Amino acid sequence: GGGGLGEISALKSRGAKWARPHPGPFLWDSMQKNKEEEINFNKTDQIVRDYQKSGIGTLVTLWPFANWDQKKRDNAEECKVASTDEFLPKGSIFEEYLPTYRCNPKNWNNYKKWVAAVVERYDGDGQNDMPGLEIPIKYWEVMNEPDLTMPEGEVERLDFYKQGPAEYAELLTITYEVIKDVDSEADVLIAGAAGGSDQFLDFYKEVFKNGSAIVSFDIGNVHCLSNDDYQSFNVEPYKEMLDELGIKRPIWVTEAEAIISDNASVNATQTMLSTQEALRLGAKKIFFTRYEFTEKDAGTGKDEKAEDMPIELDGNDPVEAYKIITAE
């Protein structure tokens, strides 16, 4: 979610210790209007203050897009997303959105200055920190789901990134270097894979053909929106991919849900089973994406194990269900 006070209250009631604002305000386009302008930290300061007031840590997604920078690219039109994209502005200044152009920065130096300034403000070293910073930000995620492309022939709804694995490898490598230069204690997450199928994981196999990219992240990252191997929140196929390539990293699931039924109790039970399996496979942190377990048109298939579990889990009370799920 976006990090409003209502969201923070929901997070607290469900026992959350961490939040990942999505897409969140750490977006070059909204923080700097051109290369001469000072960086505006108003929105990012606000979200950091709100979270730390409740004792919640923040995982930040850094978005490397600024329309004014992208428009200078020779192939700018190829960087433009479809007008149906879910994260384009919808008319409200309060809605979080991403810019129209979504390729790597044209001017890497300007981008690097922005990343360095952001990390410096929230690293907690006493130099140029946000006034009143109590919980420093030590985890930075380099963009989101660059592997996600809509199936052929479908009207495009969501396209976080208009380039390919080689370009993402370059973005990851450059961003990692800047973050570590500013704060050697910070950890960098690679962008979350959109799922555990070959469609998604093949993208990262291509990224890792760049040897620099392999050593430019500290934490692996996978998502599960009730898709692919939802029984493990996609940790099993993601871990297998890293193992095949000889890459040893902790794994976080930064988007997790298992909505497989129109029955809230079944969904809550499957969420618990998937959580247990992801942790068994070595996942270190799990970020749930839903506050409730109901979904109007749910169903990626039935899981008999979840259907038959004799667990008293009241899916209609998500607060109580999450207390059970996170009791590990």
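**Terms and the values behind them**

Analyst: The torsion about the S-S bond of Cys79 and Cys103 is about -100 degrees, so this disulfide is left-handed. Keep in mind that the model is a predicted one.

User: What makes the pair Cys79 and Cys103 a disulfide?

Analyst: A disulfide requires two cysteine sulfur atoms within 2.5 Å. The sulfur atoms of Cys79 and Cys103 are 2.1 Å apart, so the pair meets the cut-off. The structure holds one disulfide. Cys79 and Cys103 both lie in the loop between α4 (67-70) and α5 (108-122), so the bond ties together parts that are 24 residues apart in sequence. Both cysteines are buried.

User: Why is Cys224 called buried?

Analyst: Buried means under 20% relative accessible area. Cys224 has 0%, so the word applies. Across the protein, 54% of the 328 residues count as buried.

User: Is Thr100 buried, exposed or partly exposed, and how do you know?

Analyst: Thr100 has a relative accessible area of 23%. Buried would need a value under 20% and exposed a value over 50%, so Thr100 is partly exposed. Thr100 is found in the loop between α4 and α5. Leaving aside neighbours within four places in sequence, Thr100 is in contact with Asn67, Cys79, Lys80, Val81 and Leu88. Asp85 is 15 residues away from Thr100 in sequence, and the two C-alpha atoms are 8.9 Å apart.

User: Which class does Asn34 fall into, and why?

Analyst: Asn34 has 27% relative accessibility, so Asn34 counts as partly exposed. Asn34 lies in the loop between α2 (28-31) and α3 (42-53). Asn34 and Ala66 are 32 residues apart in sequence, with 8.5 Å from C-alpha to C-alpha.

User: What makes Thr275 buried, and what does Thr275 touch?

Analyst: The relative accessible area of Thr275 is 4%, and the limit for buried is under 20%, so Thr275 qualifies. Thr275 sits in helix α10 (residues 264-280). Not counting residues up to four places away in sequence, Thr275 touches Phe233, Ile286, Phe288 and Ile325.

User: How do you know that the peptide bond between His22 and Pro23 is cis or trans?

Analyst: The angle omega is the value to look at. For the bond joining His22 and Pro23, omega is about -5 degrees, and the bond is cis. Pro23 lies in the loop between β1 (18-19) and α2.

User: Why are α7 and α9 called roughly parallel?

Analyst: The axes of α7 (residues 198-207) and α9 (residues 235-244) cross at roughly 25 degrees and come within 11 Å. Angles under 35 degrees count as roughly parallel, so the pair is described that way. The crossing is right-handed. Leu201, Tyr204 and Lys205 in α7 meet Pro237, Tyr238, Met241 and Glu244 in α9.

User: Which residues have the most contacts inside the largest nonpolar core?

Analyst: They are Phe26, Tyr122, Trp140 and Tyr168, in a core of 79 residues. Helix α6 (residues 165-182) gives the largest share of this core, eight residues. A second, separate core has seven residues, including Ala264 and Tyr322. Among the residues that Tyr122 touches are Phe26, Phe41, Val48 and Trp140.

Methods. Residues are numbered from 1 along each chain as its sequence is written. This is a predicted model: local features need pLDDT of at least 70, side-chain atom pairs count only at pLDDT 80 or more; totals for chains, interfaces and linings use all residues. Side-chain values use heavy atoms; hydrogens and water are left out. Helices (H or I, at least four residues) and strands (E, at least two) are DSSP runs, numbered from the N terminus. Buried means under 20% relative accessible area, exposed over 50%, partly exposed in between (1.4 Å probe, protein chains only). A nonpolar core is a set of buried Ala, Val, Leu, Ile, Met, Phe, Trp, Tyr and Cys residues joined through side-chain atoms within 4.5 Å. Contact means heavy atoms within 4.5 Å. Axes are lines fitted to C-alpha atoms, for helices over the stretch in contact, and angles run from 0 to 180 degrees between N-to-C directions. Angles under 35 degrees count as roughly parallel, over 145 as roughly antiparallel, 65 to 115 as roughly perpendicular and the rest as oblique. A crossing is left-handed if the near helix is turned anticlockwise from the far one by less than a right angle, and right-handed if clockwise.
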